[in-house]
Amino acid sequence: MCNHHKNNRFQAYPDLHELEKKIDRRHFLTKTAMGMGGLALASLFSDDGLMAKDMDTPLGTALPGLPHHAPKAKRIIYLFQSGGPSQLDLFDYKPSLSDMHGKDLPESIRGGQRLTGMSANQSIFPVAQSNFKFQQYGKSRTWVSELMPHTAEVVDELCFIKSMITEQINHDPAITFMQTGHQLPGRPSMGAWLSYGLGSENQNLPGFVVLVSKNAVRDQPLYARLWGNGFLPSQHQGVQFRSGKDPVLFLSNPENYDGHDRKEMLDYLKDLNGIQFDTYGDPEINARIAQYEMAFRMQTSVPEVSDMTDEPDWVFDLYGEESRDPGTYAANCLLARKLIEKDVKFVQLYHQGWDQHGNLPGGIKNQCAKTDQATAALIKDLKQRGLLEDTLVVWGGEFGRTVYSQGTLTADNYGRDHHPRCFTMWMAGAGVKPGFTYGATDDFGYNVIQDPVHVHDFHASLMHLFGVDHEKLIFKHQGRRYRLTDVAGNVVNDLFT
């Protein structure tokens, strides 16, 4: 740290000089838990480039050398449909299933693939055709279920991937894999990686915001680690916005405190942390400083961006009546648009309730009624504002559903088990091909037969749109170099314009 900065601190707070004089070499070696190991630790941080070299360096800026190439996407809204939507009842139309309805799925199709414990003991696996009608829409002639009439209106903006593959067959590892690139907890999430690599254009709001639908069917839990920072500096974790009076917990001032001296208190705290950083060299101290300062700025910016009173009635009509109710999926889609207008880089929506092992026709119909209009409205709204061209929108879950019925198949009811070997996702905007379908599955919708896209490939492609080479955005942790795509992943260039 330069002497000029230190002198300014001491002039503002003279007692800091006395405090710093007390932290001499002997005091440091005595009080540091690891003694000389503390010095070695600081050296390792410095060698790995993980320790900020200057307290005055902005922490919201991109890493040196990034982006690696010209980006097509500046922001992303990821509409995560937790539970595993049934591709067979929404987008992957299989008319030939009518001839196989109720018959046992041929072993040659199932091919000994892994089953969950919920259907592994079934003696037969009866094929269940969808109860819902499909039609082709748009110039792209894309097949869409009657459950998604609003999405059908925007198919010419969407890029469908019908050949997604994951390795995980149970919810928690599959969701964790989709969000972090690894099935075990502890890795940084996608949003954290992008925040770490590319920084943020808005210094008054987090670069990574999370919205979770209220009143959703909570069939599977969501954990904060899904949007966590893992081993990256903690200011890159997602910040959850909630519905209600306080969108961000612990952001408001305590009762009866007017906050007039809040900035002075934070400046003093920053200087104390600065002394600690100079002494111990722990990079997490800088992250702590950045979080305190961001929280101070968010006290003004969060209420402003969460305020929907300035939205005209036609916008609420576009997103649907529930968009007037903060915290619903529709309201969160509208809030996502407002956040990216403020240059928040990554907005992650989670909507639970797609885990339909039984009574799928009724359950999926309810889910689509809650999400279809708002999802399509988001695409329309972004396009009319000129935002879709550099905003990436992603829709999808953690895996698909089986073509066979879990449990008893009746004339009007069936369930579907988890199926990781093929499922459907779509993207829109920011350089992806509009009105395009990539990949294909067999006549049973059970196996990918053309252009498989692994989760690692999807992550690599997403990073590419942001100008990031997934093999070069690396963080060294405990002696190993990590990245979002682990040791795999190929960019799927055919998805891009």
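Thr116 sits in the loop that links helix H5 (107–110) to strand S2 (134–137); helices here are DSSP runs of type H or I with at least four residues, strands are E runs with at least two, and both are numbered from the N terminus. The model is a predicted one, with local features requiring pLDDT of at least 70 and side-chain atom pairs pLDDT 80 or more, while totals for chains, interfaces and linings use all residues. Residues are numbered from 1 along each chain as its sequence is written, and side-chain values rest on heavy atoms, with hydrogens and water left out.

Back to Thr116: its relative accessibility is 3%, so Thr116 counts as buried (buried is under 20% relative accessible area, exposed is over 50%, and partly exposed is in between, with a 1.4 Å probe and protein chains only). Setting aside neighbours within four places in sequence, Thr116 is in contact with Ile169, Asn170, Asp417 and His418, where contact means heavy atoms within 4.5 Å. With Asp417 there is also a polar contact, side chain to side chain, at 2.5 Å. That term covers a pair of N or O atoms within 3.5 Å; within protein, one must be able to donate a hydrogen and the other to accept it, and residues adjacent in sequence count only if both atoms are side-chain atoms.

Next comes a pair of helices, H12 (residues 329–341) and H13 (residues 360–384), whose axes come within 8 Å and cross at roughly 20 degrees. Axes are lines fitted to C-alpha atoms, for helices over the stretch in contact, and angles run from 0 to 180 degrees between N-to-C directions. H12 and H13 are therefore roughly parallel to each other (angles under 35 degrees count as roughly parallel, over 145 as roughly antiparallel, 65 to 115 as roughly perpendicular and the rest as oblique). On the H12 side, Tyr329, Ala330, Cys333, Arg337 and Ile340 take part, and they meet Lys370, Thr371, Ala374, Thr375, Leu378, Asp381 and Leu382 of H13. The residues of this contact split into seven nonpolar, two polar and three charged; Ala, Val, Leu, Ile, Met, Phe, Trp, Tyr, Cys and Pro count as nonpolar, Asp, Glu, Lys and Arg as charged, and the others, Gly among them, as polar.

Helix H14 (residues 455–465) is mostly tucked away, with 10 of its 11 residues buried. Among the buried ones are His456, His459, Leu462, Met463 and Leu465. Helix H8 (residues 190–198) packs with H14 at an angle of about 30 degrees, and their axes are 12 Å apart. Here Met190, Trp193 and Leu194 of H8 meet His459, Leu462 and Met463 of H14. That contact is made up of five nonpolar residues, one polar and no charged.

Just past H14, Gly467 has a positive phi of about 80 degrees. The C-alpha atom of Gly467 is 4.0 Å from that of Pro71, although 396 residues separate the two along the chain. Pro71 belongs to the loop between helix H4 (36–47) and strand S1 (75–82) and, at 41% relative accessibility, counts as partly exposed. Beyond its sequence neighbours within four places, Pro71 is in contact with Leu465, Phe466 and Gly467.

Ala488 is partly exposed, at 31% relative accessible area.
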